[in-house]
Amino acid sequence: MNLIVANESHFKYAQDICDTIAESAKVRGTGIAKRTPEYIQRKLSNGNAILALDGDKFAGFCYIEVWGHEKFVANSGLIVHPDYRGQGLAKKIKAKIFELSRQKFPDAKIFGITTGLAVMKINYELGYKPVTFSELTDDPEFWKGCQTCKNFDILTRTEQKMCLCTGMLYDGNNKKKPEEIKEVNSKAFTRLKSIKESLFLKKKVENKN
């Protein structure tokens, strides 16, 4: 498996990336922001993406988004092709894009929002901490990207304060190195997710009544 910093020569994988992201959202039944091939190509061309290739076959992907005049960066769009899941590839891609983010934007805080327990666990092991949305970027363009997510109504109802996604943040000013972070107990994130789901499901039922 080859994990590389993508460039314009990899444009041919853009449609495969979009299709894999969309299919994953259907299977998981979770909200996810849609991406277009043109959007993915922009990430490939500016050196802000990691691509996992098995020979010439697409295996996985993740990219960097820059917000707030480089005060914040997000590692977004993490996806692994179904043929390569269950092999620890997502963790390797996340570690690689995290390393690239710190190299290119050493003064930025790195953040992400996700509903996936596996991604939360990986982020925590890299040194991220769960935070409120108010600690993330206030750039409206970032939150605009959530409009294609099926849970966007929750985000708007809470005035961007909360959603089914969990916000996670890595602050480079934290003196602890990623390798010094203890492995997370995944039960904590499972409980956090179930609390959120119960809260918003109850709210939805109340609104209908």
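Q: What makes a stretch of residues a strand?
A: A strand is a DSSP run of E with at least two residues, numbered from the N terminus. In this predicted model, Ile64 sits in such a run: strand β3, residues 57-67.

Q: Why is Ile64 called buried?
A: Buried means under 20% relative accessible area. Ile64 has 1%. That value is under the cut-off, so Ile64 is buried.

Q: What makes Ile64 and Leu100 a contact?
A: The test is heavy atoms within 4.5 Å. Leu100 is one of the residues in contact with Ile64, so the pair has heavy atoms within that limit. Their C-alpha atoms are 8.7 Å apart, and 36 residues separate them in sequence. The 8.7 Å runs from C-alpha to C-alpha, whereas the test looks at heavy atoms. Other contacts of Ile64 include Val73, Ile97 and Phe105.

Q: Why is Thr114 called buried?
A: Thr114 lies in strand β5, residues 109-114. Its relative accessible area is 13%. The cut-off is under 20%, so Thr114 counts as buried.

Q: Which residues does Thr114 touch, beyond four places in sequence?
A: They are Val119, Met120, Leu164, Cys165 and Thr166. Met120 belongs to the buried set of helix α4, residues 117-126. That set also holds Ile122, Asn123, Glu125 and Leu126. Just after α4, Gly127 takes a positive phi of about 115 degrees.

Q: How do you know that the buried residues of α2 share a side?
A: Helix α2 covers residues 37-45, and its buried residues are Pro37, Ile40, Lys43 and Leu44. They span an arc of only 120 degrees around the axis, so they fall on the same side of α2. Lys43 also touches Ile64. Just after α2, Gly47 has a positive phi of about 75 degrees.

Q: How many helices and strands does the chain have, and in what order do they run?
A: It has seven helices and seven strands. From the N terminus, the order is β-α-α-β-β-β-α-β-α-β-α-α-β-α.

Q: What share of the residues is buried?
A: The chain has 209 residues, and 44% of them count as buried. It exposes about 11800 Å², with 51% supplied by carbon and sulfur atoms.

Q: What part of the contacts joins residues 24 or more positions apart?
A: Such pairs make up 71% of the contacts with a separation of 6 or more.

Conventions
Residues are numbered from 1 along each chain as its sequence is written. This is a predicted model: local features need pLDDT of at least 70, side-chain atom pairs count only at pLDDT 80 or more; totals for chains, interfaces and linings use all residues. Side-chain values use heavy atoms; hydrogens and water are left out. Buried means under 20% relative accessible area, exposed over 50%, partly exposed in between (1.4 Å probe, protein chains only). Helices (H or I, at least four residues) and strands (E, at least two) are DSSP runs, numbered from the N terminus. The arc is that of the directions from the helix axis to the C-beta atoms. Accessible areas come from the Shrake-Rupley method with a 1.4 Å probe; for residues, only the protein chains shown count as cover.
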